[in-house]
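Please read this report with the sequence and the 3D structure side by side, and look up each residue as it is named.

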Amino acid sequence: MQRIAEMDWSSVLTPDILAVLFVVPERMSAWNLYQYSKHLSENRQKTERYEIAMWKKLVYPLASLVMMALALPFRLCPRPGRRRGVKVFSGIMLGIFFHMMNSLFSYLGLLQNWQPFVSAALPSAAFLGAAASMMWWVERR
């Protein structure tokens, strides 16, 4: 039996594809997530985690607009001098709750096999509805 010390193997696996295995999807760019999820789907592997991370990156600029819409009712509330600290604290807690719901819906989408876009966009849509109802309530007062 003869042993070969070195040998070149040709493979479709590149160092870029293997490096993705060590990177958390939340730290990848949207384009890289798209390419990698396309690669996974071509090889009939699960893509949901990477698709949810990609949609979160695409929906995230809308989340900043939702946060601004959530802040408006606290500013437009009548009698601005009274209970200012309570308003600031409530706004901060609402922002933290929004951030936690974004993370929670990502995991729920993975567990319940929701569409990736739905699990990424649902918290923003729900909080936008809440902001609209809060603004309606403040205007009604």
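## A loop residue to begin with

Is Arg27 buried or exposed? In this predicted model, Arg27 has a relative accessibility of 73% and therefore counts as exposed, since exposed residues are those over 50%. Arg27 is placed in the loop between α1 and α2, and its C-alpha atom is separated by 26 Å from that of Met93, a residue 66 places away along the chain.

Together with Val12, Leu13, Leu18, Leu21 and Val23, Phe22 makes a nonpolar surface patch of about 650 Å².

The crossing of α4 and α5 is right-handed. On the side of α4, the contact is made by Leu94, Phe97, Phe98, Met101, Asn102, Phe105, Ser106 and Gly109, and on the side of α5 by Ser119, Ala120, Leu122, Pro123, Ser124, Phe127 and Met134.

Which residues does Ser106 contact, leaving aside its neighbours within four places in sequence? Ser106, which belongs to helix α4, is in contact with Ile52, Lys56 and Ser119. Its relative accessibility is 8%, and because buried means under 20%, Ser106 counts as buried. Ser124, placed in helix α5, is also buried, with a relative accessible area of 6%. When neighbours within four places in sequence are again left aside, Ser124 is in contact with Val59, Ala63, Val66, Phe98 and Asn102.

Met134 is likewise in helix α5, but this residue is partly exposed, because its relative accessible area is 24%, which lies between the limits of 20% and 50%. Not counting residues up to four places away in sequence, Met134 touches Leu70, Pro73, Phe74 and Leu94. The C-alpha atoms of Met134 and Ala69 are separated by 9.5 Å, although these two residues are 65 places apart along the chain.

## Two loop residues with a positive phi

Most residues other than glycine have a negative phi. Arg44 is not a glycine, yet it has a positive phi of about 55 degrees. This residue is located in the loop between α2 and α3, where α3 covers residues 48–76, and it is exposed, with a relative accessible area of 81%.

At 62% relative accessibility, Asn113 counts as exposed.

Key. Residues numbered from 1 in each chain as written. Predicted model: local features only at pLDDT ≥ 70, side-chain atom pairs only at ≥ 80, totals over all residues. Heavy atoms only, no water. Patch = residues over 30% accessible without salt bridge, like charges linked within 9 Å, V, L, I, M, F, W, Y side chains within 5 Å. Areas by Shrake-Rupley, 256 points an atom, 1.4 Å probe, with all protein chains shown as cover. Salt bridge = Lys/Arg side-chain N within 4 Å of Asp/Glu carboxyl O. Left-handed = near helix turned anticlockwise from the far one by under 90°. Helix = DSSP H or I, 4+ residues; strand = E, 2+ residues; numbered from the N terminus. Contact = heavy atoms within 4.5 Å. Buried < 20%, exposed > 50% of the residue type's maximum accessible area, 1.4 Å probe, protein only.
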